[in-house]
Amino acid sequence: MAITTIRKRVLASAAAAVLALTVAACGSGGGGGSTTVDGKTTLVWNMWSGSTAEVDAWNHLSGMVTAKHPDLALEFQTSSFNDYWTKLAAQASGGDAGCILGVQSYRAPSISELLVPLDDMLTGAGIDAADFDPSIWQALQVDGQQLAVPYDFGPLIMFYNADRFREAGVPVPTTSWTVQDFLSAAQSLTTGGKHGFAAYPTIDSVIPWSLSLEDTTPLGPDGELDLTQEGFVKAVQWYADLVTKLGVAPQVVATSDATPALNSFIAGDAAMVVDGPWQLVNVMDQAQFEVGVAPIPAGPSGSHSQVAGSGFGISQTCPDPDKALAAIAVLTGPEGSSTSPSRGARSRPAPRSRKRGSARSSRARRKACRRRSRTGCPHRPPRTTPRSRSCSSSTAWKR
Amino acid sequence: MTVSAPAPPTTPVAEPGGSGHRRDGRAALGFLAPSTSGFLLFTLIPLVGSLVISFFAWPVLGRRRFVGLDNFVELLTDPIFHRVMLNTLVFVLVYVPLNVVVSLGLALWISPRIRGRGLYRLLFFIPTVTPMIANALVWRLLYQPGGPIDQGFQAVFGMPSPNFLGDNRWAMAAVILMSVWQGFGYNMLVFSAGLDAIPQSLHEAASIDGAGPLRRFWSVTLPMLSPSMFFAMIMTLITSFQVFVQPYALTAGGPGVATETMVLHLYREGFVQFDLGTASTIGWFLFMIIMLVTALQFLGQKRWVHYDD
C-alpha cells in the first residue's frame, strides 16, 4: 500500500511540476528588454522590416551603436510591418516589449501608452529638434509630447520602370510632369497584356491624387473623416476610372497581399506605381529593370503628396531609458545615416542638413509639407477619428 | 518501508458508505488530471475569462472599463456586423450542403471495388492535409485577372472571366468553391468508411426484392449511412461557422466586407483594432449560435438518423 501511495504521490508531483513549468513558460521573459552582463548592456530593439536587405541595414546600424558606445549592444528583433503591431501589443500587455521601439507616425497615437515622453531627456542625449524637419518631428508627438525621434520621412512618390518607357519610346517622367503626361504615358505603356499603372484598392491611395487634382483631403474642417465631400468623390472616381474606364491599370482584387500594386510593378506587369520612398530598398533589391522615381504628376492644383515617416521611441518598461536614448541618438543621427547601407532609400534620417542625396523629390516634399501645415495633416488622424473598418485590411503599405 | 501483507479475502463491502468507491474516485481523478488540467487551463478558464472581458471596454493597451452589455448592444446595432453575420450564414448554408454532396458523390463513386480505389482516396484526401494557406495562395493565382481561369475564359468564350476576387457578387462564391475543394476530403473518408460498413447482404436482399439502383440508394444506402452523415454534418457545420483561414488568406475579407466572416471580424477587432471587449463579444455570439444549431441538430436527428441495432 505504501509503495503505491508513494508512486502516486511522485506521479502527482511530477504532473504538477510539468504543469507548473508549462505555465511558467507562458509567462517567462519579462525584464523589459534589457540585460546587463559585465557592464555591457544589451537592449532589445523591436522594429519591422520587409526584406533581408532591410534587416541587414538595421543590423549594420546596430553595429554602429556599439562602435560609438562600447558598453551598449542592441538585439534586433523584427517582424513584418502588419505583424509588428500585433506582436508589439501582445508583448506590451505581457510587460515584455523591447527597450527601443519602431514608431510610425500614423500609428503613434495608438501606442502612445507604451512610450516614454522624451521631451525632458532629449537635450541630455544631444538630440536637437531643430535638426529635423518640423512636420515629421511633430508627427511623432501625441498630445504635445515627443514620443519618438524620426529616422525617415517621405511623401508618396511615383516609381517607374525606365526600361519600359525606353522600349515604348515614351518620355520618362520629369519633376514637372503633369497628370496629362501621366495619362498619355500610361495609355502608351498599356499593351500586350501589360499595364501602364498599378492601383492600390485602398482609399488612402487616392489622397495624393485628390490633393493634386481637386485640392481636397479626405478630412473635413474639424479633422473628422469626410470621404463623401465633392472633391474627394471626384478624385476617387478618377482613380477608379484608371482601371474601369481607361483600362491603364489592371483590375484590383481583394487580397491578403499587403502591397499588391508594388508587387505587380516589381514583376514588370505595371510600368508605374505610387508608393513610399521606404520601399526603394525593396524595389532596388527585387526589380530586374532600371527603376526611376518621380513626384506625383501635377494636376490643376499642382503636385502634392501625402507624408508619412517613422522614428524610434522608448518603452515604458525599459529600465535604462537614458542608454536607450543614447542608442537612438546614434540610429537617427548624422553618423548613422551617412554610412547607412540602405543606399539612401529610407531617406534616413530626417535632419534638414541632409536633404541632398535623398531619393525623394524635394519639390513634392515641400508642397506636401506646406499642404500638411495648412490642413492639419491628413496622415495623423486625431484619436477621435471613427475607425475606418473597411479599409483596415490593407493599409500596410503606408508606413 | 512497510509492506503490508495482502489482506485476507473478506466478504464484500465491510465498510458502509463504500470508501472503496471513494478511493477509486481519487485514482480516477489522478488519471483525469492531465486532460482536466488541460481543459481547465486552455478551454474553460479562457472561456470564462472571455465572458468577463466581453462586459468590458478592454483595449490591449490602456485603461479597462466596465461597460455592461454595451458591447453586445453595439454589435447588434452595427450594420457591418449584420453583414458579417449574413456572410457567415451564407457561407454555412452554401458550403455545408455542397461539401456533403461532393464528398458523398465521390465516396459513392469509389465505393465499388473499382481499380485504383486506394489511389483515388489518397488523391481526394490530399487537399485536406495540405496547408490551407498554401492552397489559398495557389487559388489566388488561379482566380486573379490574367490567371489561368481568366485565360481559359478568353480562349473558350472570347471574353474575360468575372473578377472573382474583386467583385462583390463573386468573392464569396470564390471563397466557398475553394473551401469545398479544400474540405471535402475528410467527409469523403468518413462516408467511404460508412459505405464499406454496410453489409452486402442488405443490397443483395433488396435486389432480389426487385429494387433498382436508385431505390437501393434511397432505401438502403442512405438510411444505413445516416449516422456517418449526422457526424459529418455536425462537424462541418461547426467548422464552417468558424471559417477563418480561407477568407483571411484569399481576400482578407474584401472587397469591402463582402467575405468578412465572424471569426475574421473577431480577429480584426481583437488583434488589429486591439479591442478585446468587442472581440470577446463576437466570440460569445458565435459560441451561442453554434450551440443553438448543434442542439437543434441533435433534436432533429431522431427523424432521420437510423442507428442500426
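Predicted model: local features only at pLDDT ≥ 70, side-chain atom pairs only at ≥ 80, totals over all residues.
Local features are reported at pLDDT of at least 70 and side-chain atom pairs at pLDDT 80 or more, while totals for chains, interfaces and linings use all residues. Residues are numbered from 1 along each chain as its sequence is written, chains are lettered from A and ligands numbered from 1 in the order in which they are written, and side-chain values use heavy atoms, with hydrogens and water left out.

**Figure 1. Overview of chain A.** Chain A contains 13 helices and 11 strands. Helices (H or I, at least four residues) and strands (E, at least two) are DSSP runs, numbered from the N terminus. Of its 399 residues, 54% count as buried; buried means under 20% relative accessible area, exposed over 50%, and partly exposed in between, with a 1.4 Å probe and protein chains only. Among contacts (heavy atoms within 4.5 Å) between residues at least 6 apart in sequence, 77% join residues at least 24 apart. Chain A exposes about 16600 Å², of which carbon and sulfur atoms supply 53%. Accessible areas come from the Shrake-Rupley method with a 1.4 Å probe, and for residues only the protein chains shown count as cover.

**Figure 2. The largest nonpolar core comprises 57 residues.** A nonpolar core is a set of buried Ala, Val, Leu, Ile, Met, Phe, Trp, Tyr and Cys residues joined through side-chain atoms within 4.5 Å. The residues with the most contacts inside this core are Trp45(A), Ile100(A), Phe312(A) and Ile314(A). Helix α11 (residues 321-332) of chain A gives the most to the core, with 8 residues. Leaving aside residues up to four places away in sequence, Ile100(A) touches Leu43(A), Val44(A), Trp45(A), Asn46(A), Leu74(A), Phe312(A), Gly313(A), Ala324(A), Ala327(A) and Ile328(A). A second, separate core of 51 residues includes Trp238(A), Ala261(A), Ile266(A) and Ala308(A).

Figure 3. Over all chains, the whole structure holds 44 aromatic pairs. Rings of Phe, Tyr and Trp (its six-membered ring) pair if their centres lie within 6.5 Å; planes under 30 degrees apart count as stacked, over 60 as edge-to-face and the rest as tilted. Trp45(A) and Phe312(A) form an edge-to-face pair, at 5.5 Å centre to centre and with 80° between the planes. One aromatic cluster is formed by Trp45(A), Trp58(A), Phe76(A), Tyr151(A) and Phe312(A).

**Figure 4. A disulfide joins Cys99(A) to Cys318(A).** A disulfide is a covalent bond between the sulfur atoms of two cysteines; here the criterion is a pair of cysteine sulfur atoms within 2.5 Å. The search of the whole structure finds 1 disulfide over all chains. The S to S distance between Cys99(A) and Cys318(A) is 1.8 Å, and the link is right-handed, with 80° about the S-S bond. Cys99(A) lies in the loop between α3 (81-93) and β4, and Cys318(A) in the loop between β11 and α11, so the pair ties together parts of chain A that are 219 residues apart in sequence. Cys99(A) counts as buried at 0% relative accessibility, and Cys318(A) is buried at 7%.

Figure 5. Not counting residues up to four places away in sequence, Ile127(A) touches Leu122(A), Phe132(A), Trp137(A), Val149(A), Leu325(A) and Ala329(A). Ile127(A) and Gly333(A) are 206 residues apart in sequence and 8.1 Å apart in space, C-alpha to C-alpha.

**Figure 6. Overview of chain B.** Chain B contains 12 helices and 2 strands, in the order α-β-β-α-α-α-α-α-α-α-α-α-α-α along the sequence. Buried residues make up 38% of its 309 residues. Residues 24 or more positions apart account for 68% of the contacts with a separation of 6 or more. Chain B exposes about 17600 Å², with carbon and sulfur atoms supplying 70% of it.
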